[in-house]
Amino acid sequence: MSNAEQETNGAMGAPLTTKSKVLETSASMVQSFQPVKALCAHLNAFHVYASDPNRCVQANHYCAHINEDIRQCLIYDTPEPTAKLIGIEYMISAKLYKTLDATERKLWHSHVFEVKSGMLFMPGPDGLPTGVWEQAEVKEMEDIVGLYGKTYHFWQVDRGDKLPLGEPQLMGSLTQEGQGGEALKAMWKERDEKFGISTEQKKAKREYIEMPEVHEDADQAWKK
């Protein structure tokens, strides 16, 4: 069987050889991987396709700060070791967003609904008391609620692609209840059960977070 006919970890291709595993292990012991080590937050939410907001996909963000106004995130389909890197997201402050021209602003989405609805959350580490972690999570949400995100996905796992095919897809976020339909509702419920969380409880704990005004040029996925 050729490599093109094989499938490993949900993708086209052969399993790692012993040689590859040895080289991978050796490299991880001696190389620094400084950019990856700068990752400081794992965020879980759902993205919608800007070209078709009825299509949605779960997104595990692994984020780092470039500075106080810019974050950059690697996006994976799952939090597992064999997860696929499906996209990237940049997050910027409202201050920087306002410096963009009108055409550029339309490529970005808000995070207000993600935060206030309880959909966006930070999976907690095993062994840490829930209350302690939720305090840290809420503080993170205070910072994210006013940020704007620009996201592209390269691998359309929601349609079963075994390779990253086609052009990069601009993605957006949800802005109100009811968007995404029954498909998202089912994915959301399954996600909460898997991680053992309650979206409603998170929503309640974030009621005090003020809702910043969202620029009219953002969230174009829902304005077509």
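Aspartate 52 lies in strand E4, one of the elements assigned as DSSP runs numbered from the N terminus (helices are H or I with at least four residues, strands are E with at least two). This is a predicted model, where local features need pLDDT of at least 70 and side-chain atom pairs count only at pLDDT 80 or more, while totals for chains, interfaces and linings use all residues. Residues are numbered from 1 along each chain as its sequence is written, and side-chain values use heavy atoms, with hydrogens and water left out.

**The chain as a whole**

- The secondary structure comes to eight helices and nine strands.
- The radius of gyration of the chain is 18 Å, close to the 17 Å that the globule rule gives for 224 residues, so the chain is as compact as a globular protein of that length. The radius is taken over C-alpha atoms, and the rule is 2.2 Å times the number of residues to the power 0.38.
- Along the principal axes, the C-alpha atoms fill a box of roughly 55 × 40 × 35 Å.
- Of the 224 residues, 40% count as buried (buried is under 20% relative accessible area, exposed is over 50%, and partly exposed is in between, using a 1.4 Å probe and protein chains only).
- The chain exposes about 12,700 Å², and carbon and sulfur atoms supply 54% of that area. Accessible areas come from the Shrake-Rupley method with a 1.4 Å probe, and for residues only the protein chains shown count as cover.
- Among contacts between residues at least 6 apart in sequence, 63% join residues at least 24 apart (a contact means heavy atoms within 4.5 Å).
- The mean positions of the 25 positive and 33 negative charges are 1 Å apart. Here Lys and Arg count as positive and Asp and Glu as negative, with His and the chain ends not counted; each charge is placed at NZ of Lys, CZ of Arg, CG of Asp or CD of Glu.

- Aspartate 52 counts as partly exposed because its relative accessibility is 29%.
- Aspartate 52 and methionine 171 are 119 residues apart in sequence, and their C-alpha atoms are 9.2 Å apart in space.
- Arginine 55 lies in strand E4 (residues 52-67) and is partly exposed at 23% relative accessibility.
- Beyond residues up to four places away in sequence, arginine 55 touches His47, Val48, Tyr49, Gln156, Asp158 and Arg159.
- One of these partners, aspartate 158, makes a side-chain to side-chain polar contact with arginine 55 at 3.0 Å. A polar contact is a pair of N or O atoms within 3.5 Å; within protein, one must be able to donate a hydrogen and the other to accept it, and residues adjacent in sequence count only if both atoms are side-chain atoms.

- Asparagine 44 is found in strand E3 (residues 41-49) and is buried, with a relative accessible area of 0%.
- The side chain of asparagine 44 makes polar contacts with the side chains of glutamine 58 (2.8 Å) and asparagine 60 (2.9 Å).
- Leaving out residues up to four places away in sequence, asparagine 44 touches a list of residues including Met119, Arg191 and Phe195.
- Threonine 199 is found in helix H8 (residues 199-205) and counts as buried at 8% relative accessibility.
- Apart from neighbours within four places in sequence, threonine 199 is in contact with Ser117, Gly118, Met119, Trp188, Arg191 and Asp192.

- Asparagine 9 has a positive phi of about 55° although it is not a glycine.
- This asparagine 9 lies in the loop between strand E1 (7-8) and strand E2 (11-12) and is partly exposed at 48% relative accessibility.
- Aspartate 219 has a positive phi of about 60°, and it is not a glycine either.
- Aspartate 219 is found in the segment after H8 and is buried, with a relative accessible area of 8%.

**Helix H2: lysine 37**

- Lysine 37 is found in helix H2 (residues 34-37) and is exposed, with a relative accessible area of 57%.
- Lysine 37 and alanine 64 are 27 residues apart in sequence and 8.9 Å apart in space, C-alpha to C-alpha.
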